[in-house]
Amino acid sequence: MAVQNMKISPLGRVEGDLDLRVTINDGVVTDAWTEAAMFRGFEIILKGKDPQAGLIMTPRICGICGGSHLYKSAYALDTAWKTTMPHNATLVRNIAQGCETLLSIPRWFYALFAIDFVNKNYAKAAGYEEIVRRFAPFVGTGYETGVTWSSKPAEVYAILGGQWPHSSFMIPGGVMSAPTLADVTRSIAILDWWADAWLEKQFLGCSVDRWLENKTWQDILAWMDENESQHNSDMAVFIRFALEIGLDKYGRGPGAFLATGTFFDPALYTNPTIEGRNAALITRSGIYDGQNYHDFDQANVREDHTHSFFRGEGSLHPFEGVTDPLDPEEARKQGKYTWAKAPRYNVSGKGNIPMEVGPLARQIIAGRSDAAAHQDYDPLFVDVLKELGPSIFTRSLARLHEAPKYFKLVKGWLASLKLNDDFYTKPTEYTEGKGFGSTEAARGALSDWIVLKDGKIENYQVITPTAWNIGPMDSSSTHGPMEQSFIGTTIKDMHDPVELGHVARSFDSCLVCTVHAYDGKTGKELSKFQVNNMC
Amino acid sequence: MATLLWLQGGACSGNTMSFLNAEEPSAIDLVTDFGIDVLWHPSLGMELGEQAQKILWDCANGNRPLDIFVMEGTVMLGPKGTGRYDMFAERPMKDWVTDLAKQAQIVVALGDCACWGGIPATEPNPTDSVGLQYLKRQRGGFLGPDFRSKMGLPVINIPGCPIHPDWVTQILVAIASGRAGDIALDELQRPQTFFKSFTQTGCTRVQFFEYKQSTTEFGQGTRTGCLFYEFGCRGPVTRSPCNRILWNRQSSKTRAGMPCTGCTEPEFPFFDLKPGTVFKTQKISGSIPKEVPTGTDHVTYMAHAAAARVAAPQWSKEDMFVV
C-alpha cells in the first residue's frame with residue numbers, strides 16, 4: 001500500500017461516528033466542537049430488566065473495552081448486593097482487565113496512532129525513512145508484528161473467561177471459571193512469549209524491569225542512548241520522531257485529570273462497597289486539578305446534557321440520570337450538537353469542571369505521594385509533566401508506559417492464584433439497592449451506576465472514558481477536554497491538517513472521528529478528513 | 001483480487017476487534033496475501049486520501065466495482081423512520097446501506113446486529129434497529145425478504161456477538177478464491193459449514209450432559225457438571241462451532257464455565273433479559289427445563305433423563321476439571 005495514502009487526509013463528504021468541527025484563524029485553531037453522531041439507547045434498554053442484564057448488555061457498548069465494561073458492571077452489582085469476594089476472584093478479574101489493556105496498547109499504537117507519522121507532511125523529517133519502514137500500514141515491519149501480536153493477551157483472557165471480546169464471566173460474588181494448573185501455566189507462557197516476541201524484543205529493546213527503572217524524563221532520554229537495542233526500539237524511534245515533529249508542543253487539554261482507578265488488593269476488597277473502594281485499589285483513583293490532588297468520590301460526578309441531544313438541560317448525578325433522546329434535527333435548534341453527554345466533576349472551589357481521563361490521568365495520580373504499601377506509586381509522569389506539560393506526546397507516552405507496568409502486574413497476579421481455593425461466593429440477590437462500579441479501561445475511567453427496585457433495574461447509567469474526553473460544552477459553555485485540546489493548535493497544511501488527527505488519536509477515543517475545518521474569517525469549509533478509531 | 005467495503009451501523013466494533021484476532025490468515029494476510037482490496041474500513045489503516053469520498057460514492061453509484069459489502073451493526077430506522085440516530089457522511093447510514101447493497105456482488109451481515117438487530121433491537125428497541133434481511137427471526141429486515149445481491153445471493157449472515165474471526169476470514173478467502181458457490185446457507189442464511197453443528201458439539205461438559213449431571217455453582221463449582229440444567233446454558237439448542245473452532249485459539253465460554261447465551265441465534269439476547277432470565281434455566285414446575293434439546297420433546301427427554309441418571313457412573317458426580 002502506497003505510503004501517501006494516509007488515514008488522515010482530505011476525505012470529501014465522509015464523516016463517521018464522531019465529527020469534530022474546528023474554526024481556524026491564520027492557521028491556528030480558535031474553537032472546536034465534538035459531535036458524536038450515533039445513539040444506541042443502552043440505558044433505555046436496561047430499564048426494567050434483570051439486575052444482571054448489564055453483565056450481558058454493557059460489554060456490547062464497546063468492542064475493545066468489553067472486558068472493562070464487564071468488570072465495572074460486575075462491581076456495580078457487588079456493591080448493590082453486598083457480595084463476598086474470594087481472593088481468587090479478585091485476582092482473576094484483575095488479570096482479565098489487565099490483559100484487555102495489554103491488547104489495546106499495541107493495537108492503538110500501530111493500527112491507529114503511529115501510521116499518522118507516515119504522512120507526507122513529515123517527509124523532510126530526519127527520522128522519516130525509518131518511520132515508514134516500521135510503521136507504514138500493513139507493510140511496516142513494526143506494524144505487522146505489533147498488530148498481529150496484539151491478540152496474544154486476549155488468549156489469556158479466553159483461558160479465564162472463555163473468549164475475548166464479549167465474555168460475561170464475571171458475576172456478582174466472583175467469576176464463573178475455576179482455572180486449572182495448566183490454564184495458569186499456559187497463561188504465563190503466552191505472556192512470556194508475547195514479551196519475548198514483541199514487548200521486550202521489539203517495543204522496548206530491553207527488559208520490562210530495565211524500562212521500569214526510569215523515574216524521570218532525564219532517565220528516559222538517557223535510556224534511549226544506553227545501547228543499540230534500546231536506541232533502535234519502537235519506543236525510542238517513536239520518542240525521537242515525536243519530539244522532532246513537535247508532538248510535545250500541542251494538544252494540551254484541560255490540565256485537570258481524573259482516574260477512578262482499577263485492580264483491587266484481594267485482601268482489602270472481600271466485601272466490595274462504594275465507600276471502601278479507594279483504599280482497596282492498586283492503581284489509584286484521584287483528581288489532579290492542575291495544582292492539587294483530591295480524593296475521588298463518585299458523589300461529585302455530574303452529567304450535563306445542556307448541549308446533548310437529550311430532552312431538557314442541566315446537570316444530574318448518574319443515580320438520578322435520565323436518557324430521553326431527541327431528534328437531532330430538532331435538538332440542534334436548541335443549541336445541542338452531540339449524542340455524548342458532558343461528564344463533569346465537582347472540585348471544591350472550582351465547581352463542575354471537565355476532566356481528562358486516560359493513561360496520563362492514571363499516571364499522574366500514580367505519582368501522588370501518599371500511596372499505601374499495596375498501591376502503585378510511580379513518580380515518572382509527575383516529572384514528565386513538570387518537564388514537558390500535557391501534550392499529545394505525554395499522553396501517548398503514558399499509554400505506552402503502561403504496557404510494561406501492567407505486564408508485570410498481571411504476571412504477579414497469576415503467580416498469586418491459589419488454585420484449590422474458591423473463585424465464587426453465591427450472593428443474596430437483593431431486590432432493592434444501589435451500586436457503583438468502576439474501572440480504568442485502556443482509554444480511561446469507565447463507571448456504572450445501578451439502581452435496583454422490585455428485583456429489576458430501575459435506572460442504569462454508564463459514563464465512558466470517551467464521554468469524559470469527547471463530551472461537549474456544559475451549561476456554562478465550558479468546552480470538553482478534547483475540544484480544549486484542539487484549541488491553539490497550529491495547522492501547517494490547511495489541506496492536510498494531520499496535527500488535528502494526532503490530537504484526536506492521542507485520546508484513543510472509542511469513535512470513528514471525522515474532522516471538519518472551517519476558516520474563522522469566511523466560515524468557508526477548508527477540508528474534512530477521517531480519523532479512524534478502534535470502536 | 002476482490003474489493004471490499006466495510007461499514008459500521010448500530011455497532012460496538014466488537015466484530016472488527018474479533019476480526020483483528022484472526023490468524024491463518026490474519027487480517028493483514030487477507031490484504032497482503034489473499035488480495036482482498038479493502039477500499040474502506042472504519043478502524044483499519046488503508047487507502048483513503050483524496051479519492052476516498054470518491055470511492056464511497058463511486059461504489060454507491062455503481063461506477064466502481066464492489067465485490068463484497070460487509071455490514072457490521074444494525075440499520076437504524078429511528079427516530080420516526082428518518083434514520084437520524086445514525087448519521088454517516090451527512091446522510092443517514094440506512095441510505096448508504098440501500099445504495100451499497102444494490103451494487104455489491106455479495107452482501108455480508110457480520111455479527112448479530114447486522115444479521116438480526118442484536119442487542120440494540122432488544123425491547124423496547126429505542127432506535128428502531130433492524131438487521132439487513134431479518135428482524136430477530138422474522139425475515140425481511142431492512143433490505144426485504146426478496147433481496148438478492150448482484151451475484152444472486154441473499155445476504156450472507158455470519159452471526160455471533162461477536163463473530164469468531166475464522167467465520168469471516170474463511171468466508172472471505174472462499175469468496176476471494178472463487179469458491180463463493182461452495183458457501184451453502186442454512187434456513188437463516190448462515191454458512192452451514194459453521195452453523196450446522198451445535199455449540200455443544202465438542203463441549204468438554206458433554207459427558208455430564210449425557211448423564212444429566214448438573215454444575216451446582218459458578219466458580220469452583222464449574223470443575224464438574226453441565227451448565228444446561230441450572231444456569232441457562234443454550235449449548236444444546238444453539239447452532240455454532242464455538243467448541244469446534246476455539247476462541248482465541250484457547251477455549252470457549254462453556255469450557256470456561258460460562259453458560260452459552262445463544263448469541264448466534266436471532267433471539268439473542270434471549271427473553272429480552274427480563275427479570276429472572278439471566279444465567280438461570282427457565283423451568284416448568286420447578287425442575288423440568290422449559291426448552292429441551294433441539295429435535296426432542298419433553299416426554300422423550302424425561303424418559304431419557306431418568307434412564308441417564310440411573311446410568312450415571314460415580315465419576316460423573318465428581319470434579320473432572322481439577323487443579
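So, helices α8 (residues 181–204) and α17 (residues 392–416) of chain A: they pack at an angle of about 160°, with axes 11 Å apart. The axes here are lines fitted to C-alpha atoms over the stretch in contact, and angles run from 0 to 180 degrees between N-to-C directions. That makes α8(A) and α17(A) roughly antiparallel to each other, the term for angles over 145 degrees.

Keep in mind this is a predicted model, where local features need pLDDT of at least 70, side-chain atom pairs count only at pLDDT 80 or more, and totals for chains, interfaces and linings use all residues. Residues are numbered from 1 along each chain as its sequence is written, chains are lettered from A and ligands numbered from 1 in the order in which they are written, and side-chain values use heavy atoms, with hydrogens and water left out.

Who makes the contact, meaning heavy atoms within 4.5 Å? On α8(A), the residues include A:Leu191, A:Trp194 and A:Phe203, and on α17(A) they include A:Pro404, A:Phe407 and A:Leu414. By class, the contact has 14 nonpolar, 1 polar and 2 charged residues.

Next, helix α12, residues 234–244 of chain A. Here 8 of its 11 residues are buried, that is, under 20% relative accessible area with a 1.4 Å probe, protein chains only. Among them are A:Met235, A:Phe238 and A:Phe241. Just after α12(A) comes A:Gly246, with a positive phi of about 80°.

Last, the sheet: 4 strands, open, antiparallel pairing, in the order β11-β10-β12-β13 of chain A. Strands pair if DSSP finds at least two bridges between them. The edges are β11 (315–316) and β13 (351–353) of chain A. Strand β10(A) has 2 bridges to β11(A), and A:Glu303 has A:Leu316 as its bridge partner there.

Technical notes. Buried means under 20% relative accessible area, exposed over 50%, partly exposed in between (1.4 Å probe, protein chains only). Angles under 35 degrees count as roughly parallel, over 145 as roughly antiparallel, 65 to 115 as roughly perpendicular and the rest as oblique. Contact means heavy atoms within 4.5 Å. Ala, Val, Leu, Ile, Met, Phe, Trp, Tyr, Cys and Pro count as nonpolar, Asp, Glu, Lys and Arg as charged, and the others, Gly among them, as polar.
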